[in-house]
Amino acid sequence: MTEEYLLEIRQLKKVFPQGNSKIVAVSNINFNISPGECLGLIGESGSGKSTAANMIAGLLDITEGEIIFDKKILPNKSCRKGFQLRKHMQMVFQNPLSSFSPKMTLLYSICEGLRYRRKMSRNDMVQKAYETMEMVGLKREYANRFCGELSGGECQRAAIARAIVNEPKLLICDEVTSALDVSVQAQILRLLLRLKQELHLSYLFISHDIALVSNISDRVAVMKEGNIVEEGTPDDIINYPKHPYTDLLIRSAQMKRK
Ligand SMILES: Nc1ncnc2c1ncn2[C@@H]1O[C@H](COP(=O)(O)OP(=O)(O)OP(=O)(O)O)[C@@H](O)[C@H]1O
Ligand SMILES: [Mg+2]
């Protein structure tokens, strides 16, 4: 029986022109994510993680390759159909403040995530936004605040609320805890783990913190210079790394902790 994947990435490539030369940021990568599964993507700065994520989310055009989401091949970013086919995919970024308008209240921003629900009444939207705030641990009293009036952790919870309010199947999390204190990082990670179970969500979870990635992921892929050099369970990757680069990433993480 062939497994039914939620996301299939086939020979995905991104080349950025730079003057007379070019940068191959992502070089023919392949991976799959099953429904309810979390794939962690690790690699040093500049290895191409965000470029890959942005192509999948439709924020960047692809140079070559194929993205199959929910059994449909996604067209390039800048067309209406691409937008429509990606409605069950959402992205959460490192800096939540930059993805909120400073002039919109939290309630309004979360309701914005429901813009696809053409037939939903305003009351139902507000109700759904409140329910989602509760799911991510934000008090109702926060509804009329602006994101600039929240702590970093609260603001990231709000960004997660906006991402999940329309019941997506896949969340792409790009360094979502990197800007937060260690204790807040752990809270956000626990929240994402709980949401994964409760909503049967799939994640592409990007970070350069190998320990963090291992805590949340079912499988981990290691990126180096635009390529995926190794893939396995968190246990395999940490305890039995096959590629010398993976070993180096683990050692440098251990050094930082000492
Ligand atoms: N818009 C762009 N134009 C030109 N080059 C780019 C562009 N975006 C990214 N790059 C280059 O592509 C490569 C991969 O960058 P990318 O941001 O995907 O790395 P990353 O793994 O997400 O790094 P980090 O961990 O620092 O976020 C880098 O060499 C980067 O300089
Ligand atoms: Mg990045």
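The following dialogue explains how to read several features of a predicted model.

Biologist: How many helices and strands does the protein chain have?

Modeller: Helices (H or I, at least four residues) and strands (E, at least two) are DSSP runs, numbered from the N terminus. In this structure the protein chain has 9 helices and 10 strands. Its radius of gyration is 18 Å, close to the 18 Å that the globule rule gives for 258 residues, so the chain is as compact as a globular protein of that length. The radius is taken over C-alpha atoms, and the globule rule is 2.2 Å times the number of residues to the power 0.38. Along the principal axes, the C-alpha trace spans about 55 × 50 × 45 Å.

Biologist: How does one read burial, and what share of the residues in the protein chain is buried?

Modeller: A residue is buried if 20 or more other C-beta atoms lie within 10 Å of its own, exposed if 12 or fewer, and partly exposed in between, with C-beta atoms placed from the backbone. Buried residues make up 38% of the 258 residues here. Strand S7 (residues 170-174) is an example: 5 of its 5 residues are buried, so the strand is largely enclosed by the rest of the structure. Leu170, Ile172 and Asp174 point one way from S7, whereas Leu171 and Cys173 point the other way.

Biologist: Which strands pair with S7, and in which sense, parallel or antiparallel?

Modeller: Two strands pair if DSSP finds at least two bridges between them. Strand S6 (residues 89-92) pairs with S7 in the parallel sense over 4 bridges, and Met89 has Leu170 as its bridge partner in S7. Strand S8 (residues 202-206) also pairs with S7 in the parallel sense, over 5 bridges, with Leu171 opposite Tyr203. From S7 the chain crosses through helix H6 (residues 182-199) to S8, and this β-α-β crossover is right-handed. That term applies if, with the strands pointing away from the viewer, the path from the first strand over the helix to the second runs clockwise.

Biologist: In what order do the strands of the open antiparallel sheet stand?

Modeller: The order of its 4 strands is S2-S1-S4-S5. S2 and strand S5 (72-73) are the edge strands, each pairing on one side only. Strand S1 (residues 7-18) is joined to S2 by 9 bridges, and Lys22 in S2 is the bridge partner of Pro17. These two strands form a hairpin with 2 residues between them, and Gly19 in the turn has a positive phi of about 60 degrees. S1 also pairs with strand S4 (residues 64-69) over 5 bridges, in the antiparallel sense. In S4, Phe69 stands opposite Leu7 and Ile67 stands opposite Ile9.

Biologist: Is helix H1 mostly covered or mostly uncovered?

Modeller: H1 is mostly covered, with 8 of its 9 residues buried. Among these are Lys49, Ser50 and Thr51. After the helix comes Gly58, whose phi is positive, near 85 degrees.

Biologist: What is Ala25 in contact with, beyond its neighbours within four places in sequence?

Modeller: Two residues are in contact if their C-beta atoms, placed from the backbone, lie within 7 Å. Leaving aside those neighbours, Ala25 is in contact with Lys14, Phe16, Gly48, Thr51 and Gly226. Ala25 lies in strand S2 and counts as buried because it has 22 C-beta neighbours inside 10 Å.

Notes: Residues numbered from 1 in each chain as written. Chains lettered and ligands numbered in written order. Predicted model: local features only at pLDDT ≥ 70, side-chain atom pairs only at ≥ 80, totals over all residues.
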